[in-house]
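Here are a few exercises to work through with the structure open. Try each task yourself before reading its solution.

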Amino acid sequence: MTSSSSAIAPTGPRSMTGCGEAVVMDGANACRVEMRSVNNRFFKLSMRAREGFGVLEGRIEELIRRRIRRGAVQMNLDVTGPAAPAARRLDRGQLETYLDDVADFCATHDLPGPRSVDALLTLPGVLIDAPPDAAVVEQAWPLVARAVAEAVDRLDAMRRTEGASLAAAMRDLLLEITALVATIRTRVPGVLADHRARLVDRVAKLLEQHGTALTEADIAHEVALIADRSDIAEELVRLESHVGQFDRLLGDDSPGRSLDFLTQELAREANTIASKSLDVETAHAVVELKTRIERLREQVQNVE
C-alpha cells in the first residue's frame, strides 16, 4: 500500500488541529500510528515509541514535514510481531539460581516445591533490559513508513476539512469588514459638512459678543486644518487592499503567517481611523470594524 500524498494538490488553508490513525499489516507484523496536531507557531514533533525506534524519528519527521509545515504533532508508534525488537530478555542463569535456592529451602523445611516460576519472574535480575537490535529496527522501517504516511494522509484530510470551514468563516468576516469600510467612507463628506456647520455656529456666537465677524476664508482655513487632521482616505484604501490580499491568500496552501501579518495591519489601520473619528456614528462603525478584525485574528491563529 502506498501513500496518496503526491496526488493531493493545494486546495486552500489547513487548520493546525486534527488527528489521524493508521494500522498497517505485513504478515505477522503490524504497525499502529496515532497522530494529533494542535496549534503551534512552528512545526514540532513529539514521538512516543518503544525503545529502539527513536533512531527512526528523523526519517519520520521528514515524512511528516512534507505535508505539515506548522503545528505541534504528537505521535504514538507501536510495532508488534517479529519486527518489534525485544525490549527485555530472560536471564536464565539468574532464574536457575533462584530455583536452586527455593528447592534447597523447600527440601530443608519439608515444603512442596513451586509448581510455577511466575512469582520468580518478578525478582530482581530475572528479566533484564536488552539492547535493541539496530538491524531489526531498520528492517521494520518500510512498515513504519507506510503506517506514518497513511496516518499523515488522514490527519491532513481532517486539517483540510477544518481549514475549509475556517476559510468560509473568514470570508464572511471579510464581507462584513468591507461593508463597514464602505459605511465609514460614506460618512466622511457629511462629517466634514456637519463639523463646518457646528464650527461656524459656535464661533459666530462667540464673536457676536465682541462685534466681530468670521470671514469665509477663516472658516475655510479652519475646516481645511480639521479635514487634514481627520483625513482617513489612505487608511480606508489600505484596509480595502489588505482585505483583497487576505481573500486571495485564502486560496493558498499554507498562508497562516501571511494572514497573521495582515490581521495586524488591519488592526493598525482601524486604530488610526478610530483616533481620527469626528462623530459618534463613525466611532461606532470603527468599534464594529475592530471587533470583526479581532474575530478574524482568532480564526487565523488556527491556520497553518
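**Exercise 1.** In this predicted model, find which residues Val 286 is in contact with, leaving aside its neighbours within four places in sequence. Then decide: is Val 286 buried or exposed?

*Solution.* 
- Step 1: Start in helix α8, residues 280-300, where you'll find Val 286.
- Step 2: Skip the neighbours within four places in sequence, and the contacts of Val 286 are Ile 184, Ala 270, Ile 273, Ala 274 and Ser 277.
- Step 3: Pick Ile 273 from that list; it sits 13 residues from Val 286 along the chain, and the two C-alpha atoms are separated by 7.3 Å.
- Step 4: Check the accessibility. Val 286 has a relative accessibility of 1%, and buried means under 20%, so Val 286 counts as buried.

**Exercise 2.** Work out which residues make the nonpolar surface patch of about 250 Å², and where Val 117 is placed.

*Solution.* 
- Step 1: Leu 90, Val 117, Leu 121 and Leu 127 make up this patch.
- Step 2: Val 117 lies in the loop between α2 and β6 (127-129).
- Step 3: Val 117 comes out at 31% relative accessibility, so call it partly exposed.

Notes: Residues numbered from 1 in each chain as written. Predicted model: local features only at pLDDT ≥ 70, side-chain atom pairs only at ≥ 80, totals over all residues. Heavy atoms only, no water. Patch = residues over 30% accessible without salt bridge, like charges linked within 9 Å, V, L, I, M, F, W, Y side chains within 5 Å. Areas by Shrake-Rupley, 256 points an atom, 1.4 Å probe, with all protein chains shown as cover. Salt bridge = Lys/Arg side-chain N within 4 Å of Asp/Glu carboxyl O. Helix = DSSP H or I, 4+ residues; strand = E, 2+ residues; numbered from the N terminus. Buried < 20%, exposed > 50% of the residue type's maximum accessible area, 1.4 Å probe, protein only. Contact = heavy atoms within 4.5 Å.
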